[in-house]
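Visitor: Can you walk me through this one? I would like to hear about cores and strands.

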Amino acid sequence: MLETVSINTLLIIIGVLLLLSAFFSSSETALMALNRIKLKNDARHKKGAFLAKKLLDKPDRLIGLILIGNNFINIAATALTTVVAIKIAGDKGVAYGTAILTFAILIFSEVTPKTYAALHPEKIGYTAAFVLTPLLKVLYPVVWGTNLLTNGLLRLLGVPKSIASEALSREELKTLVIENDLINPDVHQKMMINVMNLDHINIEDVMVPRNEIQGININDDWENIEKQLVSTYLTRLPVYVDNIDQVIGILHIRTILTMLKNQNLDSTKLKRILRKPYFVPENASLSDQLREFQKKERRMGLVVDEYGDLVGLVTLDDILEEIVGKFTSEPGDRGLKIIKQGEQQYLVKGRIAVRSLNRRLQWDLPTEEATTLNGLITEHLQDLPKPDLQITIDGYQMTILETNADNIISKVMIEPPQA
């Protein structure tokens, strides 16, 4: 029958088959390259995206359909090319025809359409879905039978049929956020990364150390207590007996403002309005503690070690600052200011948290060895710190300027490594 068809007609048919092969090849690449998150969003208001999502919900059927169509078309093109080659050059023309067709399929039906589809997956994928959806309905018995035989063969070979999870790991999600330039401005990107890092940061990394906790000694003279209540910049204060290890409650300053104003407050009344202290373990992650603060409706916790000894204090603000950065300029921060000296030198308080220092200056000082700058330097010195002593930590040149009577570093001059 094909012998009666002209060569020109056969060549036109072969050209059409190559175009159809290019359609199936580009459709497969485009649909598999679609961003699943964007696809779910587009499916709400784009018909093509909706159809593409339905096709991808059953990937085995989609792949079966594409392979059936592509293979049928390529085999038909091969048969017609053989006929044309024989008509033109006899039996020896078959080799030439095979070579030419292989080159044509490779260039025009595989590499070019797949490359274009990979660069424009939505444009190709959403459009192809309009054709593949009705085609799947027409060829469903063939696709179903093919998949049945394929799955049966896989079972005989001991290969289980499993659906790959689309859930992203934490690191994969970080990479997605970092590489996705649609997230704008950069501060939003940083906040998302910081949220995902909360599981890897413990309370001891952000807490106020024990020796820096500001509280009220209930056994102090009432006049001194009253002065402290009036002058404090803090909203909540731990109240203790004689020393900070004996905390009896947490005072919210707002609850005593009226009483202070009317001079109707004393130590007895102060004890009555204290809230029960809330203790948290130092090795808890910030993400866990954030949930606990929300669950227990708390904003402050006293941090204890494995032996139950008080080691610090953590607030909700400390955790939130790990996400959004410094968002307050309370008077108490004046003592923690970082003062730039010259081009590349910074005067820093020794009690500042290393994580805070890194965040505010975009530095990369180690945070595994100590919580505060004082602790970091002392850990590296392996000796008592002294003024004018110099040390280099990870390329950061540090000069101790001042220490207190307890050999705790008060001021440090730091010069970061040159970029």
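Predicted model: local features only at pLDDT ≥ 70, side-chain atom pairs only at ≥ 80, totals over all residues.

Visitor: How many residues has the largest nonpolar core?

Guide: It has 30 residues, and Leu31, Leu34, Leu39, Ala52, Leu62 and Leu132 have the most contacts inside it. A nonpolar core is a set of buried Ala, Val, Leu, Ile, Met, Phe, Trp, Tyr and Cys residues joined through side-chain atoms within 4.5 Å; buried means under 20% relative accessible area with a 1.4 Å probe, protein chains only.

Visitor: Which elements give two or more residues to this core?

Guide: They are α1 (7-33), α3 (47-57), α4 (59-89), α5 (93-119) and α6 (121-138). The most comes from α4, with 8 residues. Helices here are DSSP runs of H or I, at least four residues, and strands are runs of E, at least two.

Visitor: What does Leu132 touch?

Guide: Not counting residues up to four places away in sequence, Leu132 touches Phe23, Phe24, Ser27, Leu31, Leu55, Leu62 and Leu65, contact being heavy atoms within 4.5 Å.

Visitor: On to strands. What does β9 pair with?

Guide: β9 (residues 345-349) pairs with β8 (residues 339-341) in the antiparallel sense over 3 bridges, and with β12 (residues 409-415), also antiparallel, over 4 bridges. Pairing needs at least two DSSP bridges between the strands.

How values were computed: Residues numbered from 1 in each chain as written. Heavy atoms only, no water. Buried < 20%, exposed > 50% of the residue type's maximum accessible area, 1.4 Å probe, protein only.
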